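Open the model in your viewer and keep the selection tool at hand. We will go from the whole assembly to single residues.

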Number of protein chains: 2
Amino acid sequence: MTRHAHPVIERALAEGRDALSEAEAATVLSAHGVAQPREALADTRADAVLAARRLGFPVVLKLCSPDILHKSDVGGVRLGLGDELQVGIVFDELRSIAAARAARWGGVLVQEQVPGDVEVIVGARHDSVFGPVVLAGLGGILAELLGDSAVRLAPVSPDVAHEMLRELRGYRLLAGYRGRPAVDLAALAALVATVSRVACDLPVGELDLNPVLVRAGAPGAIAVDRRLVLRRTEPVGPAAAPPGTREAVRRLLAPSSVAVVGASRDASKIGGRVLHFLTQHGFPGRVFAVTPNAAAIDAVPAVPSVAALPEPVDLACIAIPPEVCAAALRACGEKGIPVAIVFTSGFAEAGDPEAERELVVAARAAGIRFCGPNSLGVLNPDARLCASFSGALVATPLGGGEIAYLSQSGALGGSFLSRLWERGIAVSRFVSVGNQADLDLADYVDALVDDPAARVMALFVEGVRDGRKLCRALGRARDAGQPVVVYKAGRTVEGQAAVRSHTGVLAGDDAVWSAALRQAGAVRVGDMPALFEASVALAWQPPPAGRRVGIVSTSGGACGILADECRRHGFEVPELPAATRKRVEAEIPSFGAARNPIDVTAQILGRPAMLRNTLSILVEEPTIDAILMMLTTLADPLAEVIADGLVAVATGCPKPVLVGWIIAPSLARKGMARLIEGRIPFYDSPDRVVLALAALAEWQRLRGGGSGGR
Amino acid sequence: MTRHAHPVIERALAEGRDALSEAEAATVLSAHGVAQPREALADTRADAVLAARRLGFPVVLKLCSPDILHKSDVGGVRLGLGDELQVGIVFDELRSIAAARAARWGGVLVQEQVPGDVEVIVGARHDSVFGPVVLAGLGGILAELLGDSAVRLAPVSPDVAHEMLRELRGYRLLAGYRGRPAVDLAALAALVATVSRVACDLPVGELDLNPVLVRAGAPGAIAVDRRLVLRRTEPVGPAAAPPGTREAVRRLLAPSSVAVVGASRDASKIGGRVLHFLTQHGFPGRVFAVTPNAAAIDAVPAVPSVAALPEPVDLACIAIPPEVCAAALRACGEKGIPVAIVFTSGFAEAGDPEAERELVVAARAAGIRFCGPNSLGVLNPDARLCASFSGALVATPLGGGEIAYLSQSGALGGSFLSRLWERGIAVSRFVSVGNQADLDLADYVDALVDDPAARVMALFVEGVRDGRKLCRALGRARDAGQPVVVYKAGRTVEGQAAVRSHTGVLAGDDAVWSAALRQAGAVRVGDMPALFEASVALAWQPPPAGRRVGIVSTSGGACGILADECRRHGFEVPELPAATRKRVEAEIPSFGAARNPIDVTAQILGRPAMLRNTLSILVEEPTIDAILMMLTTLADPLAEVIADGLVAVATGCPKPVLVGWIIAPSLARKGMARLIEGRIPFYDSPDRVVLALAALAEWQRLRGGGSGGR
């Protein structure tokens with residue numbers, strides 16, 4: 001229980017009650033300065049009439065009972081009672097309703113009737129992943145039809161609360177609409193901030209102020225209905241992780257020696273595959289096989305047990321049945337091995353969280369940290385480390401990348417890797433984090449902050465246990481100027497069910513994830529391919545200083561689609577100044593389009609310098625912040641010439657230049673290789689190039705960016 | 001002007017007025033049976049008071065003036081006038097308002113005040129592409145914030161009108177909400193149907209009934225405010241096309257002889273490229289070059305003019321400067337050539353509609369039909385016809401396809417072709433329709449109905465002139481069981497501007513396009529790649545009988561994403577019956593997931609039959625309508641074995657089987673080739689496989705499908 005708990009709350013918890021009565025909630029909220037109607041709790045008819053007379057008519061009567069949570073549903077709320085007679089009659093009715101339902105009697109709340117033009121919802125809840133969150137939204141029918149609300153991790157300042165209100169689709173209803181004056185936005189924002197504070201200071205499970213009434217042109221925001229459900233504290237988990245996490249991750253990603261526990265000659269077995277890929281891809285450090293079945297596997301010396309290893313290696317790769325993993329981890333720790341990867345499946349993701357807990361207990365006891373279980377492994381191509389059984393390793397990983405890729409799904413993680421490599425895009429680090437029983441996503445992100453190999457981080461997230469910890473790590477990356485791109489799976493109920501069984505981690509509510517990632521400064525993308533599309537854009541191009549986009553294409557059709565998609569993502573495609581237009585006209589055929597979007601037409605075939613020259617003009621044009629180019633069937637060798645020209649112009653340009661290129665890659669291999677060398681990202685379709693630009697612009701906003709470049 | 005025009009309309013048009021007064025609109029609508037409030041037009045204060053007394057209080061007063069279109073904005077509508085005194089005062093005020101604005105006096109409309117619980121908008125407008133359309137939506141703040149409306153081409157039956165109401169997000173407000181009874185939905189649907197009829201029978205430019213008032217539990221739907229703007233008839237266009245369109249398209253797509261007008265040895269020129277590709281790809285018919293500069297180009301005989309051709313070829317390919325195209329078309333027609341492709345640009349798309357009109361006039365006069373201008377050409381790989389200058393033709397087109405691809409953008413059209421070929425997917429016909437000055441999209445669709453080569457049609461549309469004509473052709477295709485997939489570019493204002501300049505065709509309003517395509521039975525997709533993804537699914541797999549999806553993957557992460565995307569698209573991922581679950585459990589490892597989604601885990605490496613066997617179980621499971629499989633890094637040779645297994649099970653299966661496969665294609669070439677041979681479509685990411693399934697389900701709905709299979 002939190003220190004500051006109000007006596008009312010302490011009493012309720014002591015009595016074993018989670019839900020406070022409305023009168024109790026009112027008392028607690030009053031102590032925090034929440035404006036509420038004048039009101040009195042009446043136990044008898046006479047009390048009610050007296051209270052109403054004091055408050056002044058009209059009044060509202062509300063039936064109170066710990067057995068009735070939703071008063072309106074049983075007719076327990078009566079508005080607009082205009083005189084003492086009505087109050088008396090209604091009081092009796094409410095008493096009958098309670099009696100008919102055998103509901104415990106909590107009296108009748110007599111409330112002054114507060115006028116209001118707009119109904120607002122202000123609330124908070126304790127999220128199992130992120131802790132206290134606060135919500136502001138429009139009430140009534142708009143809440144039901146629009147789901148119009150803004151969410152943040154609590155607490156928030158009044159400024160952020162204001163920003164939340166501005167995010168609402170129905171903000172116009174608050175800010176003045178059809179000539180009506182605004183409501184008291186300052187009071188409303190202050191209320192949201194207060195509620196967010198309450199959610200942090202008190203053991204709040206759920207707090208709903210619905211409706212809060214506000215009036216056009218009048219001061220104040222009054223919470224006329226209040227529901228407060230308390231939260232019990234959770235049981236304590238396993239002992240906290242020991243210090244030295246960053247060093248453990250460092251060794252995991254760049255070990256000088258490796259032991260494969262459960263190594264095998266059989267490459268269809270996981271232990272065999274891990275050993276095979278490790279040696280095949282030329283890991284330069286010492287490697288040992290731990291297996292009772294051989295004295296050596298090919299050129300790798302084998303020992304029968306971890307204890308028999310000739311030295312405490314940096315990294316243990318554990319690929320043995322689940323029931324013996326805890327013992328192996330303990331043996332590794334006792335041997336002095338600092339970190340392990342547990343490849344084995346069959347833990348929380350298969351419905352056995354107890355077995356996973358045993359792993360953690362064993363590792364803590366023996367002082368070893370670990371990745372997994374249920375991990376596909378770890379890659380660091382720069383160190384020629386391939387400690388993984390991913391099928392992607394049939395190909396050779398590319399070195400020299402600057403994107404660190406952390407994936408909760410091993411299989412999807414590896415399969416996207418193979419695609420990137422085929423396209424000539426390197427990944428500097430890959431970690432399949434598995435079930436995150438010990439080392440979790442936050443630990444990897446944190447360890448990679450300030451690592452030049454992780455200029456950009458790409459995260460495939462299904463869920464985490466401690467959302468605030470992840471946010472702190474993401475915030476550090478943001479502050480260090482390292483964009484983190486996140487794809488979060490498990491958006492809907494059915495998706496969440498699948499995630500739950502997969503890694504044994506509860507997936508959090510989607511709106512909370514969006515709010516948390518945004519507050520922490522991470523770029524969220526909507527699908528899996530966008531994770532890499534955005535990461536490459538962020539690694540290779542500067543973010544745009546503004547939202548004005550210049551478009552060049554060899555196809556009028558592509559111009560239309562690009563302009564369309566830009567607009568949908570809130571970019572502008574402004575007219576070019578007359579002088580600039582003239583310069584473009586001098587470059588392109590008369591039947592092209594010299595305004596923005598610029599259509600250089602299919603005549604590019606005979607005049608390959610057109611694209612390069614047009615790009616130059618847009619690079620110099622101060623009213624343009626970002627440049628999109630759309631190529632269609634430009635095949636080699638012409639493609640190579642054109643790519644060289646674009647790279648020459650775009651290199652060092654402070655504006656982002658992104659290319660859409662729709663062609664069979666086999667027809668333009670050389671041209672595409674030139675763009676990759678020149679760090680110009682290119683995309684499969686008009687839609688995707690605009691999505692990548694949107695990620696760049698989002699990063700610009702998140703890093704608090706004014707002008708472009710970096 | 002339409003035959004049935006009301007005398008009020010005839011008078012307005014005769015007086016040169018487009019906008020009717022509200023009283024005039026009321027008269028016209030009454031004649032069509034639209035329920036309206038009792039009301040009277042009062043010219044004097046005394047008249048107004050008398051009228052109010054007759055109608056009964058409270059009343060509404062509305063200022064009428066041909067100079068004031070939006071009464072509310074000037075304070076010209078006053079509600080709730082309770083007695084004669086108020087009516088008199090307000091009448092004087094309204095007269096002052098008119099006087100202050102020097103607005104012509106049209107009297108004051110005195111109206112009974114109609115009670116209403118929900119405000120509805122019913123309207124119609126004349127769309128420049130599709131003609132009369134009808135709209136139903138919720139009024140007031142919901143219209144502003146939600147844009148909550150449903151659109152159809154007019155006329156509609158009351159049944160379809162009902163369907164429109166059910167489409168509204170706020171339908172609950174009409175159908176009964178929080179225990180409130182429903183409004184008179186039958187009256188509302190009848191009103192929508194009536195308005196749609198009015199829009200067809202009268203020269204309506206725009207008709208707004210806003211609001212129409214309805215009451216919970218009460219009969220009727222009353223149009224209390226009415227605005228009717230008339231439409232003048234348009235000038236007549238060029239003479240109608242001659243008959244024989246289907247035959248012209250047939251010759252275009254399968255000519256026995258071709259002349260290239262403007263042929264050249266220089267392959268960087270369009271005429272040179274067309275001739276080059278035509279001969280290089282082995283066109284088996286006779287080919288002639290028309291050029292004054294040579295007696296032959298390689299093996300192709302040349303003549304100096306069209307007139308000098310030794311025979312009237314089937315198809316003329318015209319690639320000469322725009323100013324001589326009309327003369328060339330005329331010469332071709334006079335020679336007896338039935339159809340031409342005009343490759344040349346510089347017509348309506350470059351701002352010269354007059355030059356394009358001349359082409360049409362010349363062609364009509366000489367009896368020749370044509371594709372273009374501004375066309376990239378036509379392909380028919382089965383006939384080895386490559387009459388195009390697309391860069392895609394650097395590669396060899398694949399024959400034996402069943403998707404006919406009609407594209408308004410030539411460049412994007414060609415570039416997607418090259419991608420499909422690289423993936424091993426054939427296209428049976430490709431037409432770059434260009435500016436559609438003569439032959440238009442509707443003509444091509446119409447000509448391909450019942451053509452077995454066009455089992456599926458894929459349309460990239462920017463805009464058309466005659467939307468109803470396109471709808472008729474689409475409807476014929478639907479009735480013939482040929483799915484047509486449409487990607488429509490130009491959704492937003494800026495996109496539309498680019499389209500306008502590109503093909504000189506106005507892009508229609510997006511909501512009308514959606515409504516029209518749906519009514520005509522075409523499957524609309526949201527982006528360019530989906531055009532082919534959906535077409536391949538429709539060509540190779542049956543549509544699902546229902547919305548229950550079974551999911552199998554080697555990756556728990558992929559299971560989560562797929563289930564998620566299924567849900568987002570309105571599919572169910574139901575639990576499997578216990579007996580079926582037992583069968584799955586016997587196939588997969590104990591740490592896999594035997595419920596839906598099924599996770600067979602990475603153990604697939606050692607037990608490649610798992611996927612095939614699990615697929616068999618789902619094929620036999622009656623509670624599953626469609627099956628999605630997600631493969632990750634399955635590389636050859638294992639991929640080939642697994643693909644063969646899936647094809648063996650899926651062939652002949654009445655349920656659709658779609659595969660997501662995330663891997664570098666170079667690692668699984670053989671496996672992918674096997675899936676293509678076996679007609680199992682596969683997709684790049686979890687998101688895309690679900691989109692393809694959604695297209696199949698949409699086709700099932702559009703063809704009025706009950707049970708699956710075909």
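Contact here means heavy atoms within 4.5 Å. This is a predicted model, where local features need pLDDT of at least 70, side-chain atom pairs count only at pLDDT 80 or more, and totals for chains, interfaces and linings use all residues. Residues are numbered from 1 along each chain as its sequence is written, chains are lettered from A in the order in which they are written, and side-chain values use heavy atoms, without hydrogens and water.

**Both chains.** Select chain A, then chain B. Superpose them by least squares on the C-alpha atoms of residues with pLDDT of at least 70 in both. A 180° rotation with 0.0 Å of shift along its axis does it, at RMSD 0.1 Å. That is the relation of a two-fold axis.

**The interface.** Now select the contacting residues: 85 of chain A meet 85 of chain B. The copies meet through the same surface, because 100% of the interface residues of chain A are also interface residues in chain B. Together the chains bury about 6,700 Å², 58% of it on carbon and sulfur atoms. Buried area is the accessible area (1.4 Å probe) that two parts lose on being put together, summed over both.

**Salt bridges.** How many salt bridges cross the interface of chain A and chain B? The rule (a side-chain nitrogen of Lys or Arg within 4 Å of a carboxyl oxygen of Asp or Glu) finds 2. Pick D684(A) and R419(B): they form a salt bridge, with the closest N and O atoms 3.6 Å apart.
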